[in-house]
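Open the model in your viewer and follow the stops below in order. Each stop says what to select and what is there.

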Amino acid sequence: MQTIDSTELGALARRDERAQRWRAIRTDPWLWGIFLVLTLSVAIFILLPIGAVLKSAVIGPDGFDLSRLGDNLLASHVWRALRNSLLLAVLSATAATAVGFVMAYGVTRTGMKGKRFFHLVALLPIVSPPFVLSLAIILLFGRSGVISSDLLGLSNANVYGLRSLVIIQTLAFSPLAYLNVRDMLQSMDSSLEDASSSMGASQWQTFRRVLLPLAAPALLSSFMLVFVKSLEDFGNPMLIGGDYSTLAVEAYTQITAVYDMQSGAILAVLLLLPSVLAFMIQRYWVGRRSYVTVTGKPGRTEIRLTAAKVTVPLTIVCSAISGVILLFYGTVVAVSFMKIVGVDSLFTLDHYRYIFDRGLSTLQNSVTLAAVATPLVVICGLLISYVLTRRSFPGSAILKWSTLLSFAAPGTIIGIGYILSFNSGPLVLTGTAAIIVGAMVLKNLQVAIEGGNNQLKQIDPAIEEASAVMGASNIRTFRSIVLPLLRPAIFTSAAYAFTRSLTTLSAVIFLISANWNLVTVTILGQVESSRLSVAAAYCVLLIVIVLAALALMQGALALLTRRRDQ
Amino acid sequence: MIPVATVTFDGVSKLFPSHDKGEVVAAVSDLNLTIEEGKLVTLLGPSGCGKTTILRMLAGFETPTSGSIRLDDTDVTRRPVNSRGIGMVFQSYALFPHMSVRENVAYGLSVAGVAKADAGRRVDEVMELMQIGHYAKRAPNQLSGGQQQRVALARAVVTEPRVLLFDEPLSNLDAQLREQMRVDLRAIQQRLGITSLYVTHDQSEALAIADEIVVLKDGVIQQRGSAREVYRSPASSFVARFLGKANIVPGTVVASTAAGIVVDVDGQRARMTSDDLPQVAAGESVSCVLRPENVAFRTDPEGALTVEQVVFQGSYIEYHLRIAGAACTIIDHEYAHRGTLNIGDRLSIDLTNTPLWIVPADA
C-alpha cells in the first residue's frame, strides 16, 4: 500500500469515511432508528440518574453547597464506611480469587477425582441470592446457632462483623473468580507445560514459572471483579455487618432513616469512584496483558498432573471448600423444614404454610418483574452488541461507555439516582413497576452485551456479507442469519438476567413501594425481625424458582436445537 | 445462458485514513479496468496490493473515494450490496452454519422471493452440476473443505448473478485439491459463461485459470494481459518475479534493430525479439529477465559458474548460482539422464537460444 503524506488527501479520506458512515444510516434506517432509541434510553436511564447523584452530592437544600460536601467528607462515619468498604473488598477479593483459582486449577489441569461434583458446587452460589449465605451463617454461628450454641455451647457468640462478611462474600463471589480463571486455564495449551518439562523443569517450577504468570491476568481480573461486587454488596453487610458499616449500607441509612439525601449521594459517589476505577483496570489494563486469547474453542488441554502429591492435597482443599458451601446451603434448606431451630428439629411445613397464608405477592412481584426485565435485557443487550460491533454509527461511543458505566456503577448509586431523577420532572416513575424493571434491565445489560460480543466474535463477518450479496436486506440478514447464530448467547444472558433480577437488592431497595415490593426485601425484613426459619423458607423457594427457570430455558434451547436438526 | 454484464472500473481510487493524523493509505489508485462479458479476470498481487479492496468495491462492501463502477451502462458505485445482482465465493466459504447444504443453496432464491417449486428445481439443477446432491441434508461442518467449496460456488451461482466474485477461494485447500478445484472452477465458469473477477496471490492459480491477469502492486496496475503475455513479457522485474521464478541479470546492449536487441550477458550474446521492443541504444546497461527453465547449461570443469546450492524438487532439480554477480536459479528436468551436480561443481551456460526480456531497471 502507498502511504501518502498529504493533509489534503487526509481530509478527503476522512470525509469519505464520514460519508460512508452516513451512508450506513441511509442503507439501514431501521437499525439506525433502533440505535437512536437505545442511545436515548441509555442516556435517560444511566447517564441522567448518575448525573443526578453527582449533582446532588454538591447541591444541598440551600443550593450549591461545597461546605456540606466538605463537612461530609470530613465526618468520621463517612471515612469509617469508606475504609471499611475498601478493606472488606480487598480481603474478600483476595480470598475469593484464591478459592476460585484452587478449584479451577484442580478441575481443569489435574487428574483430581470428582471434578464434576466440585464444578457444580463451585457454581452453586450463582443461583442464589447472595444473602442466603448470611442467613446460613447466622443460623450456624449466631446467638442461638446450630454450631455456636448447640455444639460448642457458646451463649454469647457474636457472628456480626468483618470476619463473617469476608467468609460470606468469599463464598458468594468465588464463582466469578472460578469461571474467569477456569476459562483461562482451559484455553491454555498443554504443550506449554510439555515444553517447560522438556527443558528440564520440575512440575513445581512449571507451575510457578509458566502457569502462574500466564494465569496472572485472569487472577487480577477476578480480583477486580470481586472487588467491585463486594463494594456493591448491600444485603450481606446489612444482615451481618453489625457495627461494621459499609458505604452501601451507610448510604441507605442516611437516605431512609436520616432523610439526608446529600449525605447519601456523597456516600454513593464515594462508592462509585473505586468501583469504576477497579472496573477500568480490569477491563483495559489487565485485559491488554492477557496472553491467552479465548477463541471459544478449548485449546489442546491434556491432563499432565496426576501425581498423588498434587491431587490429594487439592482434593482435600476442594472438598473442604465444597463442604462449607454445601453446609451453608444445607442449613438453610434444613432450617426451612424445622419447627424451631435449635429447640425443636421436627420436620414441618409450617414456615411454607405461613408464607402461602401470608400471601405470595412479593414473590409474584419479583418473578413477574424479573420475567419482564429478562427479555428486555436480552433484546437490548444483543442489539447494542450488534450495533457496536458490526456498525459504526456516529455516536456509538456514548452507547458503549454508558453501558459500561451501568455495569461498573454500584446498585446503590443507580437506586439513589432513580429516586432523584424520576420522582418529579417530565418522567415520574416512582412507585411504579417500570422503575424497578428499569433498574433490573440496566444492571444486567452489560452482561448480555458481552455475551453478544463474544458470540459475534465467533461469527465470521463474511457470513453476513454472503447473505447481503445474495440480495438479503439487513433486517432479513439479522433475522435469518445473525439471530439464529446468537442463540447460545440469548440463553446464557437470559439465564443470567433472570437470576440476577430475581435476587437483586442493592438498587431496588430504594425503589420498592407499597404496590411493588419484592421478595428479597421481604426476606431481609424477616431476618431483621428474627423470623429466620421463614426467611430460610423464602430463600429455598427463590432458589427452586431460579433452578426451575434455568431448567426451563435449557429445555427450550434443547427443543429448538432438536427441531433444527430434524 | 445467464444474462451477464460487462464490468467497468473508471478512475476508481480508494483512500483509507491511517491512524497517524494527516497520513492516508491509498489502497487503490486511479484504477481503469474493463472485464468483458463472460471473461474471467484475476487480480494478482502480494497482500496489501489492493486486490481485495477492488473486489469489495465491486461487491458493494466498500465505496470508492472517487471514480465510478459500472455494470454494463448502469452506475452501481453507490448502490447497496443487496441490489447489485452479484454472486460471491468467500475465502472462508462463509456457509451458514445453522443451515443444511440445501438450505444454504436455496437461501438466495428464498430472499429473492422465487416460487418454491421453481426454486426447488433450480437448486436441484445447481447441486447436480456441482455434484453435491447426495449431501444436501448435511450441515456445512460435516463437509470436507472441497465439498464446502462446491456448496459455496453452488450458492453463489444459483441466483444467476450477472457477475461472479471469487475472493481467494482456494487458499484454504491443500495443494492437491487446490489444483483439482481450479480446473473444476474454470470449467463451471466457462460453462455458465458468467463474467468473473477472481482475486488471488497464487501466481500458478492465476496462470491456470484466467482469461486475463491483472498484476497489482500498491494499488496500481503493473501489467495486464493473457497469462502467456504476462509470463513471457513482464513489464517490470516485479511482475517477472511475481509470476514464476525469474532471474534478473545485468547486461549491456550490443545492437538494437527492428529485428531484435542483442545483449551481452556475462560475456554471452542473447537476443530479445518482440513486436514491441524497448527503446535502447548500443552500450546501454539493462536489466534482463532469464526464466530458469530456458537457460541451457552443461557440466564443465573449466566453466565460469559454480553451483552454490542444490534443491531437489522431484520432477526437476534447482541449481543456485551467480550469473554476472546476480543470484540466479537454473532448473534441470532431465537430471535423470544427465546426472546431478553437487555444491562446488562447475558448469557453463549457453544463452544463444535463451529468450531474453529487458525490463526497466528497478528504481
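**A helix pair in chain A**

H4(A) passes H14(A) in a left-handed crossing. This is a predicted model, and the tour starts at that crossing. Select residues 76-109 of chain A for helix H4 and residues 308-336 of chain A for helix H14. The two pack at an angle of about 125 degrees, and their axes are 10 Å apart. Angles over 145 degrees would count as roughly antiparallel and those from 65 to 115 as roughly perpendicular; H4(A) and H14(A) are therefore oblique to each other.

Now show the side chains where the helices meet. On H4(A), pick A:Val99, A:Val102, A:Met103 and A:Gly106; on H14(A), the residues they meet are A:Leu314, A:Val317, A:Cys318 and A:Ile321. By class, this contact has seven nonpolar residues, one polar residue and no charged ones.

**An annotated stretch of chain A**

The UniProt annotation "domain: ABC transmembrane type-1", from an unreviewed entry, covers both ranges.

**Chain B as a whole**

Move to chain B, which has nine helices and 21 strands. Its C-alpha trace spans about 80 × 50 × 45 Å along the principal axes. Of the 363 residues in chain B, 40% are buried. Among contacts in chain B with a separation of 6 or more, 67% are between residues 24 or more positions apart.

**Where the chains touch**

Show both chains together. The contact takes 34 residues from chain B and 33 residues from chain A. Which elements of chain B give two or more residues to this side? They are strand E1 (7-17), strand E2 (23-35), strand E6 (86-89) and helix H2 (101-111). E2(B) gives the largest share, six residues. Coloured by class, the side of chain B that touches chain A has 20 nonpolar, twelve polar and two charged residues.

Most residues other than glycine have a negative phi. The last two stops have positive values.

- Select B:Gln131, in the loop between helix H3 (116-129) and helix H4 (145-157) of chain B. Its phi is near 55 degrees. B:Gln131 counts as exposed because it has 12 C-beta neighbours inside 10 Å.
- Select B:Glu168, in the loop between strand E7 (163-167) and helix H5 (175-192) of chain B. Its phi is near 40 degrees. B:Glu168 has 19 C-beta neighbours inside 10 Å, so B:Glu168 counts as partly exposed.

Technical notes. Residues numbered from 1 in each chain as written. Chains lettered and ligands numbered in written order. Predicted model: local features only at pLDDT ≥ 70, side-chain atom pairs only at ≥ 80, totals over all residues. Helix = DSSP H or I, 4+ residues; strand = E, 2+ residues; numbered from the N terminus. Buried ≥ 20, exposed ≤ 12 C-beta atoms within 10 Å, placed from the backbone. Contact = placed C-beta atoms within 7 Å. UniProt positions renumbered as here; feature names shortened; annotations may be inferred. Axes fitted to C-alpha atoms, helices over the stretch in contact; angles between N-to-C directions. Parallel < 35°, antiparallel > 145°, perpendicular 65-115°, else oblique. Left-handed = near helix turned anticlockwise from the far one by under 90°. Nonpolar A, V, L, I, M, F, W, Y, C, P; charged D, E, K, R; others polar.
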